[in-house]
Amino acid sequence: MRLILPVGLIATTLAIAPVRFDREKVFRVKPQDEKQADIIKDLAKTNELDFWYPGATHHVAANMMVDFRVSEKESQAIQSALDQNKMHYEILIHDLQEEIEKQFDVKEDIPGRHSYAKYNNWEKIVAWTEKMMDKYPEMVSRIKIGSTVEDNPLYVLKIGEKNERRKAIFTDCGIHAREWVSPAFCQWFVYQATKTYGRNKIMTKLLDRMNFYILPVFNVDGYIWSWTKNRMWRKNRSKNQNSKCIGTDLNRNFNASWNYNYRGSAPESEKETKAVTNFIRSHLNEIKVYITFHSYSQMLLFPYGYTSKLPPNHEDLAKVAKIGTDVLSTRYETRYIYGPIESTIYPISGSSLDWAYDLGIKHTFAFELRDKGKFGFLLPESRIKPTCRETMLAVKFIAKYILKHTS
């Protein structure tokens, strides 16, 4: 299927040259105390720092690993300021453009065939959704749940019995545009679920008893922009009133203690968020688990992010997360940490995870996939399959647990 864009939009898009990141650096700093944390915040006021971890300046705190990108022009001044204040730092990436180009380190197996070992652009993903429906008509159906600000379709793939209403898991990938390994996992999951049904005992049992709703790319406009114009783009592409800044962070746009920079004009103000929340509400009787996939930092998170208060079933969530991370590590010994968002990563409000939990889905999880910062958002393609294989083990465990322990 070819995507037809309005002529005006094509002209505007083509007029903007893709952003290059030559000799831009990514620093990792660990502030030892609040004074040093404040130094980083001050540097962010006078320099353009793109925070990779945590996601925004105000989250920076003492004893936290802080990763940020800085332009070639400003990197010397940043380095001098860190040296003067005797702050411990390392340079994770010396030339960002080089790393962006090195990300594509897997050769295409067979031209024209959908590759699960490569990153796929939006056009390829749309074609793949059609291919999966054609190949597995009894098992895969595609539901258009809405459209984006730029009028791209939002597709959910349903895997399982077409008409039967039974327990279901809702999964989304790619809510943040630059986290490419996330949509790669959603594609891998659909591929493995369909391919191994009838061969793999666990997958067969799961699909015989439950359905999976998979949203392969939540933030379609942002994802397209990250491929065509700015590899480091995070948000969607909506215009903000009274601001030149484009985009809303969709994972701050949910009605869960909504209050954050780039959060949008109101909870669910964004077309993408609205489409997802409407779909989940309309299938609330079925959906027993909500899982969202992000990168990076190797964590398995559960509510809450907007409060330090633990959810009533936190012991159960912690148990599932502990076993899930243990199971994940059995394949390649990849270590994940787990816990509530607020204390494990940093406090956030307006997240999809907290919203789904408060709506009544009592098992909600967020994966922060590989790695821990060496590559950050630029995980090489050669790491896609190992990441997906180990993550699949954890997801299958969670699904099996829910099948057994929820009514």
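Cys245 is partly exposed, with a relative accessible area of 41%, where buried denotes under 20% relative accessible area, exposed over 50%, and partly exposed the range in between (1.4 Å probe, protein chains only). Cys388, by contrast, is buried at a relative accessible area of 1%. The structure is a predicted model, in which local features need pLDDT of at least 70 and side-chain atom pairs count only at pLDDT 80 or more, while totals for chains, interfaces and linings use all residues. Residues are numbered from 1 along each chain as its sequence is written, and side-chain values use heavy atoms, with hydrogens and water left out.

A search of the whole structure finds one disulfide, defined as a pair of cysteine sulfur atoms within 2.5 Å. This disulfide joins Cys173 to Cys186 with an S to S distance of 2.1 Å, and the link is right-handed, with 80° about the S-S bond. Cys173 lies in strand E7 (residues 168-173) and Cys186 in helix H6 (residues 181-196), 13 residues apart; helices (H or I, at least four residues) and strands (E, at least two) are DSSP runs numbered from the N terminus. Both Cys173 and Cys186 are buried. Cys388 is in no disulfide, the nearest cysteine sulfur, that of Cys173, being 8.9 Å away.

For the protein as a whole, the secondary structure comes to 13 helices and 12 strands, and 59% of the 407 residues count as buried. Of the contacts (heavy atoms within 4.5 Å) with a separation of 6 or more, 74% are accounted for by residues 24 or more positions apart.
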